[in-house]
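Please keep the sequence and the structure in view while reading.

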Amino acid sequence: MTAHLVEDVKFSVMTGAYDIIDMVEDDLVTSARNFMLFFDACPSEFGGLTALDLENLRFGESDISNVLITCKRLKRLRLYNCDSGDCSTLPVEHSHLSELSIVHCSLERVMLNWLPQLTRMVFEGWLQFQDPLLIGHVPLLEAVSLTNLSLSYHKMVKLSEFLSGSSIRDLKLRFCSEKIWVQPECPTQCLASVFRQLRFLNIVDLPEGYDLTWTMYFLEAAPLLKELYITVWDHECKMEMDEEKRKEESYSENKGVEWDSAAADFQHHSLVTLVMFGFESEDCFVSYVRRVLAAAVNLEDVFLCCGLECDNCPDKKPGRYPWTKRQRISLKKRMTAGIESFAIFHYATNMRTDHLKRREYPKCTLLEAKNDFL
């Protein structure tokens, strides 16, 4: 390790505590001090790391920056519930870092100042702060995953500002079955700059029962988009279901968002695949598929998957999914009436927990799963 002769080595600090709400601040501080004592005792060995995974640590103000300076070979960094105190700022500079994951960290500002090799970023849970991400020099950034749980008093996020300075190809947005936190935007030069290279979009855990029309703004903003995945799911075992607690903690009663496109006759020429998890034969789904069919003139495949099931969620009443051949023929007529489209419709049932990887990593699993849709 001292001679940096180990090609790939990962160091992890796992505290064993997964519910950050129950973490005591003194424990976070003590754990971080213990780690830094170990780190400072053997900087040459840590300098050979290629991956670092840290969780539940409250550092001193400059500790994380010093770790990055010492770990010159670092390619992958994951921070879970790590910060330098409430409302702290994290500047990130590194010449080799290619993957960065920041999850549930109480950071008022994350500044990606200089990361010339960064290609993938996960940013999750910035509930307390508005627009905490500042993107600087990240010329190779192509895959971004954003997750947030928005409460009623939070402002919506404009991705043209949140991702300003990047031009990504692969975008995942997760909504935790709660309020939509993305603000649909009319086409602007800033929005076009962010989405001009976007090829793949995965929108995960949208709340059930709300209009999906607002997502059409992504098609208008991303002319090269090829694949669109949408999951509609009230994942109850991960939601706050107690009505009194929802009121006390300011969960939103209206989770949806309205948006009217200015371009009624808009056409998209690159989209070839639409996949919907949690599909039902309701008007909101049918009208949305019709919008996509009308706009995406080169659409090839439409995959309509039934509601997802989870072993930890309470059983739900069966949704209105087209189970029979007759229902599917009738549904197709509703969706294609008056629209000339050559898209092929596929259906998938029995979507249990073991199928979730298909919506988490659809690009690498859709081809191998196609038999289930046929």
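N81, at 10% relative accessibility, counts as buried, a label given to residues under 20% relative accessible area, whereas exposed means over 50% and partly exposed covers what lies in between, all with a 1.4 Å probe and protein chains only. N81 lies in strand β3, and strands here are DSSP runs of E with at least two residues, while helices are runs of H or I with at least four, both numbered from the N terminus. Although N81 is not a glycine, its phi is positive, at about 55 degrees. Most residues other than glycine have a negative phi. This is a predicted model, in which local features need pLDDT of at least 70 and side-chain atom pairs count only at pLDDT 80 or more, while totals for chains, interfaces and linings use all residues. Residues are numbered from 1 along each chain as its sequence is written, and side-chain values use heavy atoms, with hydrogens and water left out.

A positive phi of about 55 degrees is also found at N56, again a residue that is not a glycine. N56 belongs to strand β2, and its relative accessible area of 0% places it among the buried residues.

## Salt bridges around R58

Under the rule that a salt bridge is a side-chain nitrogen of Lys or Arg within 4 Å of a carboxyl oxygen of Asp or Glu, the count comes to 10 salt bridges. R58 takes part in one with D83, where the closest N and O atoms are 2.7 Å apart. Since R58 lies in strand β2 and D83 in strand β3 (residues 76-83), this pair ties together parts that are 25 residues apart in sequence. Both R58 and D83 are buried, with R58 having a relative accessible area of 13%.

R58 also forms a salt bridge with E25, and here the closest N and O atoms are 3.2 Å apart. E25 sits in helix α1 (residues 25-41) and R58 in strand β2, so the pair ties together parts that are 33 residues apart in sequence. E25 counts as partly exposed, at 45% relative accessibility.

## D53 and its partners

D53 is placed in strand β2 and is buried, with a relative accessible area of 9%. The salt bridge between K10 and D53 has its closest N and O atoms 3.8 Å apart. This pair links distant parts of the chain, with K10 in strand β1 (residues 10-13) and D53 in strand β2 (residues 51-58), 43 residues apart. K10, in turn, is exposed, with a relative accessible area of 53%.

The side chains of D53 and R78 are joined by a polar contact of 2.6 Å, a term for a pair of N or O atoms within 3.5 Å of which, within protein, one must be able to donate a hydrogen and the other to accept it, and for which residues adjacent in sequence count only if both atoms are side-chain atoms. If neighbours within four places in sequence are left aside, D53 is in contact with K10, F11, S12, V13 and R78, contact meaning heavy atoms within 4.5 Å.

## M239 in a loop

M239 lies in the loop between β12 (227-232) and α7 (243-248), and its relative accessible area of 12% makes it buried. M239 and C176 are 63 residues apart in sequence, and their C-alpha atoms are 7.5 Å apart in space. Not counting residues up to four places away in sequence, M239 touches C176, S177, E178, D234 and K255.

## The chain as a whole

How many helices and strands does the chain have? The chain has 11 helices and 15 strands. Of its 374 residues, 50% count as buried. Among the contacts in the chain with a separation of 6 or more, 72% come from residues 24 or more positions apart.
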